[in-house]
Amino acid sequence: MEPLLDRAHLARQTFDDDDLAREVLALFSGQCRRFLPGILDAALSPAARADLAHTLKGSALGVGAARVAALAGRIETAGRDGDAGAADALAPALAEAVRETLELI
């Protein structure tokens, strides 16, 4: 299973600048809170959910939140394939990964 937060990756991305790392993590946290509800919303179209998942995946990759990135990527793929059922099945795992990751921040 992918790690929740790869701090070595985050350090490389932020040039070992702790203040920058905190700022980037705060931005990631905000994106999680902004995009996760839409990703979890089965009433949204699969394409809209895929777009949100894509954005969250990119943000997660940037900070080293590998589990969130992997799950968001799978939901993105399901949405692009029009498979709302697969996206719905993955949604609880993504919500849990986001919750656990944000607890580490």
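Here are some notes on this predicted model, point by point.

1. **Ground rules.** Residue numbers start from 1 along each chain as its sequence is written. The model is predicted, and local features need pLDDT of at least 70, side-chain atom pairs count only at pLDDT 80 or more, and totals for chains, interfaces and linings use all residues, while side-chain values use heavy atoms, with hydrogens and water left out.

2. **The largest pocket.** The largest pocket holds about 170 Å³. A pocket here is found on a 1 Å grid over the protein atoms alone, as an open set of points where a 1.4 Å probe fits, with protein on both sides within 12 Å along at least five of seven lines. Grid points are joined across faces, edges and corners, and the volume is the space filled by probe spheres set on the points.

3. **What lines it.** The lining residues (those with an atom within 4 Å of a point) are R7, L10, A11, T14, D16, D17, D18, A21, R22 and L25. Two elements, α1 (7-13) and α2 (18-40), each give two or more residues to this lining, and α2 gives the most, with four. Helices are DSSP runs of H or I with at least four residues, numbered from the N terminus. Sorted by class, the lining has four nonpolar, one polar and five charged residues. For the classes, Ala, Val, Leu, Ile, Met, Phe, Trp, Tyr, Cys and Pro are nonpolar, Asp, Glu, Lys and Arg are charged, and the others, Gly among them, are polar.

4. Have a look at F15 and D16. Most residues other than glycine have a negative phi. F15, though not a glycine, has a positive phi of about 55°, and D16, also not a glycine, has a positive phi of about 60°. F15 counts as exposed because its relative accessibility is 70%; D16 is exposed too, with a relative accessible area of 62%. The cut-offs are under 20% relative accessible area for buried, over 50% for exposed and partly exposed in between (1.4 Å probe, protein chains only). D16 is also one of the residues lining the largest pocket.

5. **L4 and T101.** L4 sits in the segment before α1, and T101 is in helix α5 (residues 84-104). T101 counts as buried because its relative accessibility is 0%, and L4 is buried at 17%. The two touch: leaving aside neighbours within four places in sequence, L4 is in contact (heavy atoms within 4.5 Å) with G64, A65, A66, R67, A97, E100, T101 and L104. On the same terms, T101 touches L4, F28, A65 and V68.

6. **R49, a buried arginine.** R49 lies in helix α3 (residues 46-63) and counts as buried, with 2% relative accessibility. Beyond four places in sequence, R49 has contacts with G38, I39, L40, D41, A42, L44, A84, A87 and D88.

7. **Along α2.** L27 belongs to helix α2 and counts as exposed because its relative accessibility is 54%. From L27 to R99 is 72 residues in sequence and 15 Å in space, C-alpha to C-alpha.

8. **Rings.** R34 lies over the face of F35, 5.3 Å from the ring centre. That takes NZ of Lys or CZ of Arg within 6 Å of the ring centre and within 35 degrees of the ring normal.
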